2 protein chains.
Amino acid sequence: MAQENPITPRATDFAEWYQDVVAAGELADYAPVKGCMVIRPNGFAIWENLQRELDQRIRDTGHENAYFPLLIPKSYFDREAEHVQGFAPECAAVTHGGGKPLEEPLYIRPTSEAIICTMYGKWVKSWRDLPVMINQWANVVRWEMRTRLFLRTAEFLWQEGHTAHETREEAEREVRTMLDVYAELCESVLAVPVLRGRKTAAERFAGAKETYTVEAMMQNGWALQGGTSHDLGQTFAKAYGIQFQGRDGTLQHAWSTSWGVSTRLVGAVVMVHGDDAGVVIPPRLAQVQCVVLPIHGKTDEEAAAVREGSARIVADLKAAGVRVRLDDRENLRPGAKHYEWERRGVPIRIEFGPRDAKAGTCVVVRRDEKGKSPAPVEGLGKPIAALLSKIQGEMLARARKWRDERTHACDDYAGFKGEIDANPGFYRMRWCGSAACEASVKNETKATIRCLPLDEPDDSGPCVVCGASAPGRAVFARSY
Amino acid sequence: MAQENPITPRATDFAEWYQDVVAAGELADYAPVKGCMVIRPNGFAIWENLQRELDQRIRDTGHENAYFPLLIPKSYFDREAEHVQGFAPECAAVTHGGGKPLEEPLYIRPTSEAIICTMYGKWVKSWRDLPVMINQWANVVRWEMRTRLFLRTAEFLWQEGHTAHETREEAEREVRTMLDVYAELCESVLAVPVLRGRKTAAERFAGAKETYTVEAMMQNGWALQGGTSHDLGQTFAKAYGIQFQGRDGTLQHAWSTSWGVSTRLVGAVVMVHGDDAGVVIPPRLAQVQCVVLPIHGKTDEEAAAVREGSARIVADLKAAGVRVRLDDRENLRPGAKHYEWERRGVPIRIEFGPRDAKAGTCVVVRRDEKGKSPAPVEGLGKPIAALLSKIQGEMLARARKWRDERTHACDDYAGFKGEIDANPGFYRMRWCGSAACEASVKNETKATIRCLPLDEPDDSGPCVVCGASAPGRAVFARSY
């Protein structure tokens, strides 16, 4: 199923480049259904590895998995006014089942607060039943017409955690715990550095008191929201009836949270690490971390030596815990294999031919840097495992350097207007907190406030738009 | 969230018992959406363990995971006449998206041949692109009004494998390989013995040439179809255009298969192993294989000794690879904990009190047999791990004995009519192969042919219904 499409260089057209590398790596394909995508095995393996890593972290922080229904009656959304305003316009509605019209339309979940909070309301009676800490891995649908594979599709895969707590403080702690889990996941697994911050009211989840986000920078300087964690206060507990008898005997509403990351993150990995030859997968996300390419030579004797040597390499790497694949397909030339694995972004390629077999060496090629270096076959497992860790660390450092070079403190709005398209990046500008100033920037430059960073030092001064007093700096950027 | 509902004994009403144990174990709950269920953490953990075991087997047999869209245009179903006849009547249809009516209704997938074969048609060009061997874990919807948790719900979770091959023989081999994977999964992981067999034309998957099945017997003598594997011949390749240039240069249609198991299997585990005290989970499926219940005694000194001893037990069990949970909740009495873990079906319970702490012993209680036996605390890991294996094996043997005692060779149709309700079970009766005789039995007794077993010895003779010559015996039973 190799497709020999050329890849548009990033510098020529970043959007085209993105489409090309996703296609060339066979990560995903457009489905015939408008707005929907097919996640192909190479792309799905990235998601599965991310999922496995995140799932473990979700369990380690005390959550359990469960599964709630896909279909939610429209009337359930109506119970929370802001929530329905935010989501109803992008819902897909089931109006017929088993050939008959339904009495009430069912929405395919765009997010599951409406159904999950309803069930919690049924299950929770006393403070002893709290906290409820449940996560689900699921598909959701939000009607989208302008789609990009992974980044924006009508259907996508995600996890959504939903918790209910006895106290406001406990809920707030939960929201921040999960934000930190997302930040750590992005940095240590995806090798994608992120800013942690609060969203402005305009960018909040519909119905939330506070939305926290992790924001990453793509190679074109645009921002991508990597995951969000919402403090829902008592709003949803009141709308959906999550009430409990407190320790003092009074009836109280629970404090709830929700938080999620989606298959968008696969798009982020592509846009942060990819190069003009294709995607580059960080070792911890790669299904195949190292591919061994035997080059069989001319005589039977040579072929036998190569076969034997590559089997030994594979065994050594497996023993060292490396996810290794031997590519011994005979109907493909080495050059074709080479390009296929490069386009798939496999972190390390090992080439092994008759001369190597004689010398007891092989050639190790890094995908991220493309440097070739010889290595002894004997005891190859440990150095390759170490090299994978090194690559993982260097990919993160490189991405962080890239981001930091494109992050600017800026006190001059006119200058910003000139820069944001020519030099896209994160612009740290003082903002007074008014929706009007935020809207002006958006209307005039298409840049939005990505977040109010948590780790920002106190830096009050005049708002970059109106000059009124601003408590500190917000991060403005163009975004996906 | 403990619910103290009493459990109806199996002998009183098996259907009521099933509902009661599913509720008491907090495995699942009815959703407010008609026909849909919520899979609660205790039930979902069973599915996740099953999923992990099966996913490994699916990979080991050469398949990769991917993800295809939830929504399929109605016209795609229309391309395969038998398929659309079988599934269209039970589809849920999306007619509106983003507030606007759609040009064409989209069906929520009831199964994904229509979309997956379409994509294969796009990807496959040459024999070199074959085989394609992809699996997906997904939710599907088949409109159902009479629902039972896990067994029959409008939405359920499953895996569906879809493969395309160069030759008929390869496809046939694939169908049987996956049937064997399902049989082995049921027996060695679920401890549910199964018959492997072919379905009759009346019971086949809509559009298949041949459907193979694994059939299990529940404790009430009814059958439950555990998984199916379909030989689709070239039918779907022709309908959806999976064509390739063969080794001889001619254009050919691929041979395709599909196969799946679903969350129904969780219902099977409940109905095969449960008892009047609740569900009983086989150790290999249990999220918690062993729970340690400390009983704290009266003095601080006693409590400290119990705490220390239980921590040591937990550490020993973890080191031996046992999935262990310490239940040190202080707001619940030991009796309440005991019942909660019993209703959840945890295979082994270890009780540990002040007297045990002094004596260096503990009390080990099996869930399946309820026998209590003392054991030394020292070096407890290995014997508990061994006991889990023993329980797993004995649960399978017990279920097999139960089934075999209720499996009868029967040559007397009148006698069968009297027996099938009074003594439900598997009735092995000769069948001539005619749809008319099959339909008579169904109309007169509600029993259907569950399968034509693969391992049946030659046993020709007169058809039990019409007396015409029959090649062998089919298995008749009432079924879910």
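The buried residues of helix α8 of chain A pack against α1 (14-24), α2 (41-60), β10 (210-217), β11 (223-231), β14 (255-262) and α12 (381-405) of chain A. Packing here rests on contact, which requires the C-beta atoms of two residues, placed from the backbone, to lie within 7 Å. Helices (H or I, at least four residues) and strands (E, at least two) are DSSP runs, numbered from the N terminus. The model is predicted: local features need pLDDT of at least 70, side-chain atom pairs count only at pLDDT 80 or more, and totals for chains, interfaces and linings use all residues. Residues are numbered from 1 along each chain as its sequence is written, and chains are lettered from A and ligands numbered from 1 in the order in which they are written.

In helix α8 (residues 264-273) of chain A, 10 of the 10 residues are buried, so the helix is largely enclosed by the rest of the structure. Among them are Arg264(A), Gly267(A) and His273(A). A residue is buried if 20 or more other C-beta atoms, placed from the backbone, lie within 10 Å of its own.

An automatic or database domain assignment supplies the domain bounds.

| Domain of chain A | Residues |
|---|---|
| domain 1 | 14-273 |
| domain 2 | 286-391 |
| domain 3 | 407-477 |

The centres of domain 1 and domain 3 of chain A, taken over C-alpha atoms, are separated by 27 Å. In the contact between these two domains, domain 1 of chain A supplies 16 residues and domain 3 of chain A supplies 14 residues. On the domain 1 side, β9 (195-198) and β10 of chain A are the elements that give two or more residues. β9(A) gives the most, with four residues.

The contact between the chains takes 47 residues from chain B and 47 residues from chain A. Strand β5 (residues 92-97) of chain B gives the largest share of the chain B side, six residues. Strand β5 of chain A runs antiparallel to β5(B), and five bridges join the two; strands pair if DSSP finds at least two bridges between them. His96(A) has Ala93(B) as its bridge partner.

A rotation of 180° with 0.0 Å of shift along its axis superposes chain B on chain A (RMSD 0.0 Å). That is the relation of a two-fold axis. The superposition is by least squares on the C-alpha atoms of residues with pLDDT of at least 70 in both copies. The same surface serves both copies, as 100% of the contact residues of chain B recur in chain A. Val94(B) comes closest to the rotation axis of the residues of chain B, at 2.1 Å (C-alpha).

Note on methods. Buried ≥ 20, exposed ≤ 12 C-beta atoms within 10 Å, placed from the backbone.
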